Amino acid sequence: CKRLAAQLGLVHVSTGDAFRDAVARRTPLGLQAKGYMDRGRFVPDELIIQFVTDRLAEPDVVARGCLLDGFPRTGPQARTLAAAVKIERFVVLQVPDKALQTRAIARRIDPVTGDIYNLTYVPPPADVVARLEPRQYDDDAGTFQTRLDVYHKHIRQIIPSFGQRVWMVDAMRPPDAVFGDLARCLEAAAGAVAAPAAGGAEAAEEAAPAEAPPQFCCAITQE
């Protein structure tokens, strides 16, 4: 997501990163969230919504827009977001549960930069390997499955809030292929926002697809 945000000139806003940083610095927000995160649970809606609402009002997001990473995670979060701001696209990266479990075991985080790697799919540079750490609970199959079960329950409540703006993307392909398709289509969608002033409604229709191109959509069953 950081790479995609940089490509599009957007601010990258990760609720997960923000809460992990808040916990590490023992801020009031972090102390409230810590108990939930220590149990591998999602942080309550009211804390997440307050954080995101405050963040979206900051000058950099107002000026450039943002790519929200890991938000919304529940129906109430989705409804609050959809009512509060204009959403261009809601992207769902589809990967079967078994593949996610395998990827999680190989996931590592750089405690210095916050960058996330995967030892198999997104290998880290040699000079940072020694300091990488596994993410808490990634290697705990029971806790990880609980989080997946919660995700499947909530995603059914989230998607209706965004209607035709939802893109279901096959993320079983190589990372560069997924990134390239998303960057291309999101750039086209962003161009369509300015198109009426430059070329009228017809230009807008040509600039942005109404839905994700079929070649990178899928119908993976995640049950």
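Start by selecting Arg 108: its bridge partner in strand 5 is Tyr 117. Strands here are DSSP runs of E with at least two residues, helices are runs of H or I with at least four, and both are numbered from the N terminus. Before moving on, note that this is a predicted model, in which local features need pLDDT of at least 70, side-chain atom pairs count only at pLDDT 80 or more, and totals for chains, interfaces and linings use all residues. Residues are numbered from 1 along each chain as its sequence is written, and side-chain values use heavy atoms, with hydrogens and water left out.

Now show strands 4 and 5 together. They run antiparallel and are joined by three bridges; two strands pair if DSSP finds at least two bridges between them.

Next, select residues 141-158, which form helix 8. From first C-alpha to last, this 18-residue helix reaches 25 Å, close to the expected 26 Å, a span worked out as 1.5 Å times one less than the number of residues. Colour its buried residues (under 20% relative accessible area, 1.4 Å probe, protein chains only), among them Phe 144, Leu 148 and His 152. What do the buried residues of helix 8 pack against? Look for helix 6 (75-84), strand 3 (90-94), helix 7 (97-105) and strand 4 (107-109).

Finish at Val 85, in the loop between helix 6 and strand 3. The C-alpha atoms of Val 85 and Thr 53 are separated by 9.7 Å, though these residues are 32 apart along the chain.

Note on methods. Buried means under 20% relative accessible area, exposed over 50%, partly exposed in between (1.4 Å probe, protein chains only). Contact means heavy atoms within 4.5 Å.
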